[in-house]
Amino acid sequence: MDFSAWKNIEFAYPVFFWLLLLIPVMIYWRIARRKKAQGVMKVSSVAGLKGLPVSWKVRFRPLLLALRILAYAALVTALARPQTSNTSENIDSEGIDIVMAIDISGSMLAEDLQPNRMEAAKKVAMDFVDKRISDRIGLVVFSGESFTQCPITTDHAVLKNQIMQVKSGMLQDGTAIGMGLATSVDRLRNSHAKSKVIILLTDGVNNTGLVDPLTALEIAKAFKIRVYTIGVGTQGKAPFPMPMADGSVQMVMQDVQIDEPLMKKISKETGGKYFRATNTTDLKNIYAEIDQLEKTKVEITSYKRYAEHFFPLAMLALACILLEVVLRYSLFRSLP
């Protein structure tokens, strides 16, 4: 008998436990019956009887009643049908393939988002990944050039680890929006997913790269990829950490320049949407909105199997009854 299974026990018919209230009645009836069956003898004094030894049969007489009560309790518990359940789920989903393209140029260290644009983007991206349970997601980083940090995968733990490792300075500095978009499209061009999405985040203007952003846009349209674009940065000027000659870092206010017309054109012509994030809260809300716009169809079929555990209790009840009968008509035969 596997007692570990009883840790998560359930009862199909717990109403049967009300029958346990009859146990005190059984004890009272047994005691009353025994008193009634005992003979009465009048004597002037019992002083002479005090030293007489008590028979072991008398000492163990309550054992018969204990066996009967144990058998009754086991039988009642068996009638309540103790059982454990095992639930399994079959998940059928139409996943979406998503590539997150994140700008990692030096300007992403500006601190108009907390703690800075880069860290805020990474944190929100990881939260977004946690919500997309059944989707394949990849990561592309770009600055003066572009690089696939993580191919599209369903192993979100690996993806989040790759996001954590992203930092400014990994690539040649600059802002190659066309390269970032083109590399993201390349990650999705062989995808057979029903929906293919790119989330492109940048805080600047395209100023370098081998692929023009409009050329990358046409490639994305050819592969029917929807692009959401996000411009990150406050309005006006933002504090930027500037290394000094003496090794210190000084905060310098720099102009925020985002090519919003280009971002809007890319998103509009691919069926996506352009967003502007001027603070960390805006960025969180933008990813939450994209999460709502790109819903994944998931069908979950749940199976619940029950394992019955009444048989050991029934066997225990039977064993107690048989033992009581054997003792009553052998060792305790003379007792009522």
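Mentor: Two strands pair if DSSP finds at least two bridges between them. Strands themselves are DSSP runs of E, at least two residues long, and helices are runs of H or I with at least four, both numbered from the N terminus. This is a predicted model, in which local features need pLDDT of at least 70 and side-chain atom pairs count only at pLDDT 80 or more, while totals for chains, interfaces and linings use all residues. Residues are numbered from 1 along each chain as its sequence is written, and side-chain values use heavy atoms, without hydrogens and water.

Trainee: What makes β6 and β7 a pair?

Mentor: DSSP gives 6 bridges between β6 and β7, in the parallel sense; the definition asks for at least two, so they pair. Leu200 stands opposite Thr229 in β7. From β6 the chain passes through α7 to β7 in a right-handed β-α-β crossover. That term means that, with the strands pointing away from the viewer, the path from the first strand over the helix to the second runs clockwise.

Trainee: Why are β5 and β10 said to stand at the edges?

Mentor: The open sheet has 6 strands in the order β5-β4-β3-β6-β7-β10, with mixed pairing. β5 and β10 each have a single partner strand, so one side of each is left without a neighbour in the sheet.

Trainee: Why is His309 called buried?

Mentor: Buried means under 20% relative accessible area, exposed over 50%, and partly exposed in between (1.4 Å probe, protein chains only). His309 has 14% relative accessibility, so it counts as buried. His309 sits in the loop between β11 and α10.

Trainee: What makes the approach of His309 to Thr84 a polar contact?

Mentor: The term covers a pair of N or O atoms within 3.5 Å; within protein, one must be able to donate a hydrogen and the other to accept it, and residues adjacent in sequence count only if both atoms are side-chain atoms. The side chains of His309 and Thr84 make such a contact at 2.9 Å.

Trainee: How do you know that the buried residues of α8 line one face?

Mentor: Leu262, Met263, Ile266 and Ser267 are the buried residues of α8. Seen down the helix axis, they fall within an arc of 125°, so they line one face. The arc is taken from the directions from the helix axis to the C-beta atoms. Pro261 and Lys268, on the other side of α8, are exposed.
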